[in-house]
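Hi,

Here is the structure I promised to pass along. Have a look at it first, and then read on for my notes.

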Amino acid sequence: PNSIVPAGSPRIFVPRFRKVFVDHFLGDALEGRFNLSTQGTPTTGVIRDAQHGILRLALASTSEAETNELNFGDLLQFNCNEGLVMEVGFAITAALSSVERVVIGFGSARNNTYDSVVTNIWFRADGDMNLTTESDDGTTDTDDKDTAQDLTANVFHFLRIDCGKGANDVKFYSGASMPTAVNTGTTFKAGSNLVQPIIGIQKDSGGATSAIDIDYIGIFARR
């Protein structure tokens, strides 16, 4: 980052907390760094007439295994040890069936089987719309910790993942209006492996056509 110093003074670089990536999905199409990874025949599109912009990741009516996922194409550029933070606003368009799931957070190289992603730190929702938190640093796998919050179809929910205290003390915040701390009694570890943002919806089979509407994503980190 640039520093403001008097003319002729030595240049000073001060580590600071800065926004490194933000997208409100304005415009006619997905732009920028984001990549889409799919399995099967799901559909994706920017909703042009949505207030503030929406990116919709939808499942198709075809009975097949499907994944529709927003990521950085396995370009791993973020380190949880640098105070990494993610904020996301989203809504699920219909209640998830028993064979559907959503994940939102950070992960290492992607995999259509989310439990096989080596490093992850994310929120997860399954067929009961129950929101949980998970982490895996490659050694310690902490799964399905209940936030005591259930998602409601077509109601926007806001999430924050905060590595401000380091990769071995990750904090989760969640809420339908102002996010509050959840699962404060559990230690979540992300380790030092590099990660990418991952927001995905998938199903194992059946004709369900649920979708995730993403209002915005912001990623912050120290440099």
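To get you oriented, which residue of β8 does Gly107 stand opposite? The residue across from Gly107 is Asn120. Before I go further, please keep in mind that this is a predicted model.

**The sheet around β7**

That pairing belongs to an open sheet of seven strands, arranged in the order β2-β5-β14-β7-β8-β9-β10 with antiparallel pairing. At the edges are β2 (35-39) and β10 (141-150), each of which pairs on one side only. From one strand to the next, the twist averages 15°.

On one side, β7 runs antiparallel to β8 (residues 119-125), and six bridges join the two. Phe106, for example, has Ile121 in β8 as its bridge partner. β7 also pairs with β14, again in the antiparallel sense, over eight bridges. There, Val102 stands opposite Ile201 of β14. As for burial, eight of the eight residues of β7 are buried, so the strand is largely enclosed by the rest of the structure.

**Salt bridges**

The count of salt bridges comes to 10.

Let me begin with Arg56 and Asp213, whose side chains meet at 2.6 Å, N to O. This pair links distant parts of the chain: Arg56 is in strand β4 (residues 54-58) and Asp213 in strand β15, 157 residues apart. Are the two partners buried or exposed? Arg56 counts as partly exposed because its relative accessibility is 33%, while Asp213, at 9%, counts as buried.

Next come Asp204 and Arg101, with their closest N and O atoms 2.8 Å apart. Asp204 is partly exposed, with a relative accessible area of 43%, whereas Arg101 counts as buried at 10%. Both residues also belong to a network of salt bridges that links Arg101, Asp115, Arg124, Asp126, Glu134 and Asp204.

**Aromatic pairs**

How many aromatic pairs are there? The count comes to 10. One of them is formed by Phe158 and Tyr216, which are stacked with 6.4 Å centre to centre and 25° between the planes. Phe158 sits in strand β11 (residues 157-162) and Tyr216 in strand β15 (residues 211-222), so to speak a link between distant parts of the chain, 58 residues apart.

Another pair has a contrasting label. The ring centres of Phe172 and Phe188 are 4.9 Å apart and the planes stand at 75°, so this pair is edge-to-face. Because Phe172 lies in strand β12 (residues 171-175) and Phe188 in the loop between β13 (180-182) and β14 (196-203), the pair ties together parts that are 16 residues apart in sequence. Both Phe172 and Phe188 are buried.

There is also a cluster: ring pairs link Phe21, Phe25, Phe34, Phe72, Phe78 and Phe106. Phe106 is the residue that has Ile121 of β8 as its bridge partner. Phe72, another member of the cluster, has the charged end of Arg33 over its ring, 5.7 Å from the centre.

**A buried glutamine**

One more spot to look at is Gln149, which is found in strand β10. Gln149 is buried, its relative accessible area being 16%. Which side chains does the side chain of Gln149 make polar contacts with? One is the side chain of His157, at 3.2 Å, and another is the side chain of Ser174, at 2.5 Å.

Happy exploring, and do write back with any questions.

Best wishes

Definitions and conventions
Residues are numbered from 1 along each chain as its sequence is written. This is a predicted model: local features need pLDDT of at least 70, side-chain atom pairs count only at pLDDT 80 or more; totals for chains, interfaces and linings use all residues. Side-chain values use heavy atoms; hydrogens and water are left out. Rings of Phe, Tyr and Trp (its six-membered ring) pair if their centres lie within 6.5 Å; planes under 30 degrees apart count as stacked, over 60 as edge-to-face and the rest as tilted. Helices (H or I, at least four residues) and strands (E, at least two) are DSSP runs, numbered from the N terminus. Buried means under 20% relative accessible area, exposed over 50%, partly exposed in between (1.4 Å probe, protein chains only). A charge sits over a ring if NZ of Lys or CZ of Arg is within 6 Å of the ring centre and within 35 degrees of the ring normal. A salt bridge is a side-chain nitrogen of Lys or Arg within 4 Å of a carboxyl oxygen of Asp or Glu. Two strands pair if DSSP finds at least two bridges between them. Axes are lines fitted to C-alpha atoms, for helices over the stretch in contact, and angles run from 0 to 180 degrees between N-to-C directions. A polar contact is a pair of N or O atoms within 3.5 Å; within protein, one must be able to donate a hydrogen and the other to accept it, and residues adjacent in sequence count only if both atoms are side-chain atoms.
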